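Student: I'd like to learn how to read a protein model feature by feature. Could you walk me through one?

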Amino acid sequence: MDSSAGPDVVVLGSINMDLVTSTRRRPAPGETVLGTGFATVPGGKGANQAVAAARSGARVRFLGALGDDAFGDELRSTLDEAGVDTTLVRRVEGPSGVASIVVDGSGENSIIVVAGANGHVTDLSEDELAAIAAADLLLCQLEIPLDTVVAAARHACAAGTLVVLNPSPVAPLPAELWADVDVAIVNSLEYEQYSADLARVPHVVRTLGAEGATYRGADGGEMAVRGMAVDAVDTTGAGDAFTGALAATWTSGPRAALTWANTAGALATTVLGASASIPDRTRIAAALPTD
């Protein structure tokens, strides 16, 4: 795939600084355990997916908010360095979003998210609406106020922009949002939680972790891609790597996009941290299955 042929993607979502603690095992309630490492890693579902889409060759513009703290400067720089257009990212008074993440010796994690500046994305400016209308694809998640996601999807649908939704973290969603979604990307838990709503979405992609992913199209046809064997050290951000990579390659067709995204998600588990682990096109292409 030629990177110059990538779609124009607008990502509306969260930007967080991930505070990542490594430990041999996660503590039980009330228990203290010793950690084996600590790092601050730029993240947030929206930002991670934007970086993943850009590294997979899409032209990406990000819509979201940062605080006026030091984290805000670092988070913007991370997006800029990945080639994401941040000209419409807002700066607001107060802290940027943060996520406290504990990763155990098997690579599994527990996460607490504090919205910070992400909670200020309560409306869309004329420039933001124009960016959505001009894009090929709008990609959203649920770490910013829901009303803003609903308004963005409605505007995108009216303008003929494809709407891709990763409905995470799980929350009750209005029927009007589902009516505007063209592609839903869910994990197994989300698939069960939203099963009735997903029936009305034309394209549904279900991630299965190490087992791969499945796809159901508008005509009811289904297909699957197998998981890829890797030495996982941290699953944080793997779903975001998958989602951004899928958005970037969706115009290549579901099978090609699913295979590409599945490879990106697997590779992301081999490096500690969310955005730092997201592979670029060269690494993904080299690891693509040949059968």
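Student: Which element gives the most residues to the lining of the largest pocket?

Tutor: Happy to start there, with one reminder: this is a predicted model. The general idea is that rolling a probe the size of a water molecule over the atoms shows where empty space is left. Here, α8 contributes the most to the lining of the largest pocket, with 5 residues. That pocket has a volume of about 1,000 Å³, and 46 residues line it. Closest to its centre are Thr235, Gly237, Ala238, Gly239 and Asp240.

Student: How many nonpolar, polar and charged residues are in that lining?

Tutor: There are 20 nonpolar, 19 polar and 7 charged residues.

Student: You mentioned α1. Is that helix largely enclosed or open, and why?

Tutor: First the general idea: an α-helix has 3.6 residues a turn, so residues three or four places apart point the same way. Now the case here: 10 of the 11 residues of α1 (residues 45-55) are buried, so the helix is largely enclosed by the rest of the structure. Among the buried ones are Lys45, Asn48 and Gln49, together with Ala47 and Val51.

Student: What covers the buried residues of α1?

Tutor: The cover includes the strands β1 (8-12), β3 (35-43), β4 (59-63) and β9 (137-140), along with the helices α2 (70-81) and α8 (238-249). Just after α1, look at glycine 57, which takes a positive phi of about 105°.

Student: Now the sheet. In what order do the strands of the open sheet lie?

Tutor: The open sheet of 4 strands has the order β3-β2-β7-β8, with mixed pairing. At the edges are β3 and β8 (109-114), each of which pairs on one side only. From one strand to the next, the twist averages 15°.

Student: How does β7 pair with β2, and how with β8?

Tutor: Strands β2 (residues 16-23) and β7 (residues 97-103) run parallel and are joined by 7 bridges. For landmarks, asparagine 16 has glycine 97 as its bridge partner in β7, and threonine 21 stands opposite valine 102. On the other hand, β7 and β8 run antiparallel, with 6 bridges between them; valine 103 is partnered by asparagine 109 in β8. These two strands form a hairpin with 5 residues between them, and glycine 107 in the turn has a positive phi of about 95°.

Student: Which residues of β7 are on its covered face?

Tutor: In a regular strand the side chains alternate between the two faces of the sheet. For β7, the covered face holds Gly97, Ala99, Ile101 and Val103, while Val98, Ser100 and Val102 are on the uncovered one.

Methods. Residues are numbered from 1 along each chain as its sequence is written. This is a predicted model: local features need pLDDT of at least 70, side-chain atom pairs count only at pLDDT 80 or more; totals for chains, interfaces and linings use all residues. Side-chain values use heavy atoms; hydrogens and water are left out. Buried means under 20% relative accessible area, exposed over 50%, partly exposed in between (1.4 Å probe, protein chains only). Contact means heavy atoms within 4.5 Å. On a 1 Å grid over the protein atoms alone, a cavity is a set of points where a 1.4 Å probe fits but cannot get out, and a pocket is an open set with protein on both sides within 12 Å along at least five of seven lines; lining residues have an atom within 4 Å of a point. Grid points are joined across faces, edges and corners, and a volume is the space filled by probe spheres set on the points. Ala, Val, Leu, Ile, Met, Phe, Trp, Tyr, Cys and Pro count as nonpolar, Asp, Glu, Lys and Arg as charged, and the others, Gly among them, as polar. Two strands pair if DSSP finds at least two bridges between them. Axes are lines fitted to C-alpha atoms, for helices over the stretch in contact, and angles run from 0 to 180 degrees between N-to-C directions.
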